[in-house]
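I opened this notebook to log what I looked up in the structure. The entries follow the order in which I worked.

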Amino acid sequence: MDDVQVKDGVDAETVEAVQSLSGTYKHGWETEIEMEYAPKGVNPDIVRLISEKNDEPEWMTEWRLAAFERWMQLKEPTWAMVDYPEIDFQDIFYYARPKSMEEKPKSLDEVDPKLLETYAKLGIPLKEQALLAGVEAPEEERKVAVDAVFDSVSLGTTFQDELKKAGVIFCSISEAIREHPELVRQYLGTVVPVSDNFYATLNSAVFSDGSFVYIPPNTKCPMELSTYFRINAENTGQFERTLIIADKGSYVSYLEGCTAPKRDTAQLHAAVVEIVILEDAEVKYSTVQNWFPGDEDGKGGIYNFVTKRADCRGDRAKVMWTQVETGSAVTWKYPSCILRGDDSQGEFYSIAIANNMQQADTGTKMIHLGKNTKSRIVSKGISAGKAQNTYRGQVTMHPKAKESRNYTQCDSLLIGDKCGAHTVPYIEVKNNSSRVEHEATTSKVDDDQLFYCRARGMDEEEAVALVVNGFCKEVLQALPMEFAMEAQALVAISLEGSVG
Amino acid sequence: MLEIKNLHVQLEEEEKQILKGIDLKVETGKVHAIMGPNGSGKSTTSYVLSGRDGYEVTEGEAILDGQSILDLEPEERAAAGLFLAFQYPVEIPGVGNMTFLRTAVNAQRKARGQDELSAGDFLKEVRAKAKTLKIDADMLKRPVNVGFSGGEKKRNEILQMAMLEPKMCILDETDSGLDVDAMKLVAEGVNALRDGERSFLVITHYQRLLDYIKPDVVHILYDGRIVKTGGPELALEVEKNGYADIIAEVA
């Protein structure tokens, strides 16, 4: 019974949190700060400039330029079930950093207080203090290290010293390129090749910052690591690059959060995340994505075109992606798992909510290459308003992936009668000892359920939040505690005004 | 406690008159029963009083404790002290029974301007009340009504009633689908809530539930009207002779 008490506490607090929040998007404010921009548009000079701003070695500059060459030959993909006005790639700022960051601060104490305030306002702890993890085990201190990325630059990373003691490297990718070039050179672009796809290739040429993680062999990372992305400047694209390497027998849990101000014009976000997992190592990667979704008429918002991929390179390597997608005007995102090592495992848990005019085309790829590999996909898509929500997933069993298994569960929930849910599974099995299961359901939020809740005293929005959180339960449970609470609240906020 | 005056109701989708002028007054602390054959308007009465969509009140009113309720939202009626025990309790997958209860209790407390119950106090109360209804810890953990047997669902309704402490309880065919033992358990739960202050409207097709929940007044509903009112003996008469005699009397 006591574990019930804990869980219950969480849910009730969530409801409280939801009630205390007003307005549909609460991170839509802007930080007024002097910025330094590179000229609009992209060309080899801009690529060189970004490289120079980051004090990069020659090999990195060359790598970027090669990517740019490649990008010039690529065309924007059109196969996704999303529709948006053509993007003018020459009308975007590719580099924007606060003026105060020109001289790289030695520690967070030296960072412009205005920038620090931004994160305080977002509720992101940049002070090295233990987080009180809500209701769960309050006697045990929980720490979360944060890398704060503001437009094109990382402001700083907390708990670096403590992590260093454990041998863990957690810093911005620009710092890693300077300080740990051997690791970056060995792994960068090996999971998502430079030529992978239009947006990943663009990112390879112009990425400005992002996070770098290296966990040494047989090390359990002593705390959760997180990166918080904030787009602040107008007409600016954010192109961040994350590289995580989990060496043999190591473990890390990594969290990613994102927000942006409300604006009338759409903004581009094209990130690449690469994860390398060696023998017996395990990585959990959780995202709560809360970009500004655009207004009710579909004006503004973030175009989120992201390539995320994990490579289980060693035997028995494990990866778990968990994502809660509530933001973005357009989402194009398929966190994938390459199960190369024998007995490796990939899991993907996703909640994608699309309200008003939002469009989401998201899912995963499970590429089984090694023997006896296992994957599991649990996708919960929720559509409301006039939104379109597509699950697109690929499961491939290669000839050598003997005795491998996949289980896919794909549930869609519709709120109202003007939205749509689509499921597009691609399944390829090239051996006869593997098994693939796919289950899909589509349901509507039931009037009887809502009336039942209301007859017990809950108002309509509380009732919808309760029913939808129930629908998402399996995925919410896969999130770390702090994120689970934030995600539950977000589910409710994203659906405000979707009924009645 | 509850006064229904000349209540006329039709379906919203088709212009079909279901209730054709109901008058009823349930006094504080009393138990009234509504009996009637299928299609007489019993369930419609409970749904209209609790505020379900799909019905249009064309005439008349309902007053709960001095307050007219037919224009209120369902949650406002609940906060005002009205409770409907559903004939078919609804399943809500993924939502723990306990979470549901606590959300409901605190929503009502909030609507009434009271402080929320602390996790500890809430838990203590739920455990005590669940015990008397033979609801075990496992049932409190499971998702609301999902995979519950008929008896478990009805006991769960009574647990909700016990936790929400309404002034006016409507029981819609609570006996349907229950065997005698389950019915006794449910009836005991209801009787434990009879405290001389709380009022009940027990809607039932059969007399047998009224052996366990003793009514003060029995009404016979037929074709959208109350055609006869009497004491507990009226229920026995129905049990013995069916509705035909009474209907013939008024026709």
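**Ground rules**

I am working from a predicted model, where local features need pLDDT of at least 70, side-chain atom pairs count only at pLDDT 80 or more, and totals for chains, interfaces and linings use all residues. Residues are numbered from 1 along each chain as its sequence is written, chains are lettered from A and ligands numbered from 1 in the order in which they are written, and side-chain values use heavy atoms, with hydrogens and water left out.

**Entry: the contact of chains A and B**

I looked up who takes part. Chain A gives 30 residues to the contact and chain B gives 43 residues; contact means heavy atoms within 4.5 Å. I then looked up the buried area, which is the accessible area (1.4 Å probe) that two parts lose on being put together, summed over both. Between chain A and chain B it is about 3,000 Å². Carbon and sulfur atoms give 62% of that area.

How many salt bridges cross the interface of chain A and chain B? The rule finds four. A salt bridge here is a side-chain nitrogen of Lys or Arg within 4 Å of a carboxyl oxygen of Asp or Glu. I noted the pair Asp448(A) and Arg52(B), with the closest N and O atoms 2.5 Å apart.

I also looked up polar contacts. The term covers a pair of N or O atoms within 3.5 Å; within protein, one must be able to donate a hydrogen and the other to accept it, and residues adjacent in sequence count only if both atoms are side-chain atoms. Twelve residue pairs are in polar contact between chain A and chain B, both residues being at pLDDT 80 or more.

Next came the elements on the chain A side. Those giving two or more residues to the side that touches chain B are α1 (2-20), α9 (447-455) and α10 (460-471) of chain A. Helices (H or I, at least four residues) and strands (E, at least two) are DSSP runs, numbered from the N terminus. α1(A) has the largest share, eleven residues. By class, this side of chain A has twelve nonpolar, six polar and twelve charged residues. Nonpolar covers Ala, Val, Leu, Ile, Met, Phe, Trp, Tyr, Cys and Pro; charged covers Asp, Glu, Lys and Arg; the others, Gly among them, are polar.

**Entry: helix α10(A)**

I checked the span. α10(A) has twelve residues and reaches 17 Å from its first C-alpha to its last, close to the 16 Å expected at 1.5 Å a residue. The expected span is 1.5 Å times one less than the number of residues.

Then I checked burial, where buried means under 20% relative accessible area, exposed over 50%, and partly exposed in between (1.4 Å probe, protein chains only). Ten of the twelve residues of α10(A) are buried, so the helix is largely enclosed by the rest of the structure. Among them are Glu462(A), Asn469(A) and Phe471(A). At the N-terminal end, Asp459(A) caps α10(A), with a side-chain oxygen 3.2 Å from the backbone nitrogen of Glu461(A).

**Entry: salt bridges**

Over all chains the count comes to 32 salt bridges. Glu56(A) and Arg64(A) are both buried.

Arg454(A) and Glu73(B) meet at 2.5 Å, N to O. Arg454(A) lies in helix α9 of chain A and Glu73(B) in the loop between β5 (67-68) and α2 (74-79) of chain B, so the pair joins two chains. Arg454(A) is buried at 10% relative accessibility, whereas Glu73(B) is partly exposed at 38%. A network of salt bridges links Arg454(A), Glu460(A), Glu73(B) and Glu75(B).

Within chain B, Glu61(B) and Lys5(B) meet at 3.9 Å, N to O. The pair links distant parts of the chain, strand β4 (residues 55-64) and strand β1 (residues 2-11), 56 residues apart.

**Entry: two single residues**

Lys153(B) sits in helix α6 (residues 150-164) of chain B. Is Lys153(B) buried or exposed? At 18% relative accessibility, Lys153(B) counts as buried. Beyond neighbours within four places in sequence, Lys153(B) is in contact with Pro89(B), Glu91(B), Asn145(B) and Phe148(B).

Thr190(A) sits in the loop between α7 (181-187) and α8 (198-206) of chain A. Thr190(A) is partly exposed at 33%. A polar contact of 3.0 Å joins its side chain to that of Arg313(A).
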